[in-house]
Amino acid sequence: MRAAVLRRPGGPDALRVERIPEPSPRAGESLIDVTLTGVNFDDLERRAGAQPELPLPAVLGVEAVGRRRVDGQRVAALLRQGGGYAEVAAAREAHTVEIPAGIDDPQALGLFEQGSTAYGALSLAGRLRAGESVAVSAAAGGVGHLAVQLAVALGASPVIGLASTSAKRRFVTGLGADVALDPADPMLADRVREAAGGTGVDLFVDSVGGTVAQAALAGLAPFGRLVCLGWRPGTSGEPGTGGDGDMLVGTGDQAGVVAVTTAQLAQRSIGCVGFWMRHVVDDRELLCGIVGRLFELAARGQLTVHIDRTVALHEIGAAHAAVAAHATSGKVLIDVRREV
């Protein structure tokens, strides 16, 4: 089979298309003839060597859609150990869902992993209630653009999206956001409070960290919650705990350290929680329930995955470079069957 193989950590050009043997499924796994896979920040980090325990050579790609060989069903799968950048992938049945009629492969791919992440951040970690205000950082991204639409569908108001360029901010308001803000604005916390009616925002979903997370904490209303999905390189690093009762929301380079004391949490009646998609993936009933809800919303036209571009397997390096440069909006797909 054809696959994009990583033999050494490096830049986008470290991924090379080769012919390698098909994977052998283990107990509880099925082979999938892949049609599409996606580009995620997790793939970029693995390619660059951020996970030194990754055995090489490796086939990256943490998601795929295609046909399950055993029964011909269209399925979407999460691939915790990678393997999606190939014509055939071995997927755990526990991490695989069947795709209903009316949902095409590109939509299913975006809804499954990134849609579930957005839903989990809003509903599970964020405990969103109808009528509450919501702000979303990286709102033009793969998770963010779905979080904006889901917030609207779940009855949030107003919905505020953060995006780095005027074109992306127009895209975000086109998704249904009431307001789109520039995350580089030095008055960001004030802008968030104003957009939410003056008292602050009820729920802020952040995947950037650093100064954005700091502004998010400052912009929360009483009883507001900050949900941390992760951080971007150059803004923060590993999460940790500081001394004297300080909680660090992402630490790393100095500019990326965001601290809040337990006294501040109590005096302002605010909260900070994290969300990791693995805790959904490991709960089969929860995973299927969330994905089923997402498919229903998509079928009703309330949720649409925006496809920024679909490229051939040999163009995977260029796709990685575009995502790393934040030059994309929505989902970037790889058509593993296309050769030109």
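Axes here are lines fitted to C-alpha atoms, for helices over the stretch in contact, and angles run from 0 to 180 degrees between N-to-C directions. Helices (H or I, at least four residues) and strands (E, at least two) are DSSP runs, numbered from the N terminus. The model is predicted: local features need pLDDT of at least 70, side-chain atom pairs count only at pLDDT 80 or more, and totals for chains, interfaces and linings use all residues. Residues are numbered from 1 along each chain as its sequence is written, and side-chain values use heavy atoms, with hydrogens and water left out.

With these axes, H2 and H9 pack at an angle of about 110°, their axes 9 Å apart. H2 is therefore roughly perpendicular to H9 (angles under 35 degrees count as roughly parallel, over 145 as roughly antiparallel, 65 to 115 as roughly perpendicular and the rest as oblique). On the H2 side the residues that meet H9 include Ala108, Leu111, Phe112 and Tyr119; their counterparts in H9 include Leu287, Ile290, Leu294 and Ala298. Contact means heavy atoms within 4.5 Å.

Eight of the 10 residues of H3 are buried, so the helix is largely enclosed by the rest of the structure. Buried means under 20% relative accessible area, exposed over 50%, and partly exposed in between (1.4 Å probe, protein chains only). The buried residues of H3 are Gly144, His145, Leu146, Ala147, Val148, Gln149, Leu150 and Ala151. After H3 comes glycine 155, with a positive phi near 90°.

The largest nonpolar core has 51 residues, and those with the most contacts inside it are Leu122, Val134, Val148, Leu150 and Val172. Such a core is a set of buried Ala, Val, Leu, Ile, Met, Phe, Trp, Tyr and Cys residues joined through side-chain atoms within 4.5 Å. H2 supplies the largest share of this core, nine residues. Apart from it lies another core of 34 residues, among them Ala58, Leu60, Leu79 and Ala89. Beyond its neighbours within four places in sequence, valine 134 is in contact with residues including Leu122, Ala151, Ile160 and Leu203.

Next comes the sheet. Six strands form an open sheet in the order E11-E10-E9-E12-E13-E17, with parallel pairing; two strands pair if DSSP finds at least two bridges between them. Strand E11 (179-181) and strand E17 (271-274) stand at the edges with a single partner strand each, so one side of each is left without a neighbour in the sheet. On average, neighbouring strands of this sheet are turned by 20° against each other, direction ignored. E12 and strand E13 (residues 220-228) pair in the parallel sense over five bridges, and leucine 203 stands opposite arginine 225 in E13. H4 packs on the sheet and touches E10 and E11, its direction making about 155° with that of E11. Helix H6 (residues 210-218) also packs on the sheet, touching E10, E12 and E13, and its direction makes about 155° with that of E13.

Two loop residues complete the tour. Aspartate 185 is found in the loop between E11 and helix H5 (188-195). Because its relative accessibility is 22%, aspartate 185 counts as partly exposed. Asparagine 40 is in the loop between strand E3 (29-38) and helix H1 (41-48); at 7% relative accessibility, asparagine 40 counts as buried.
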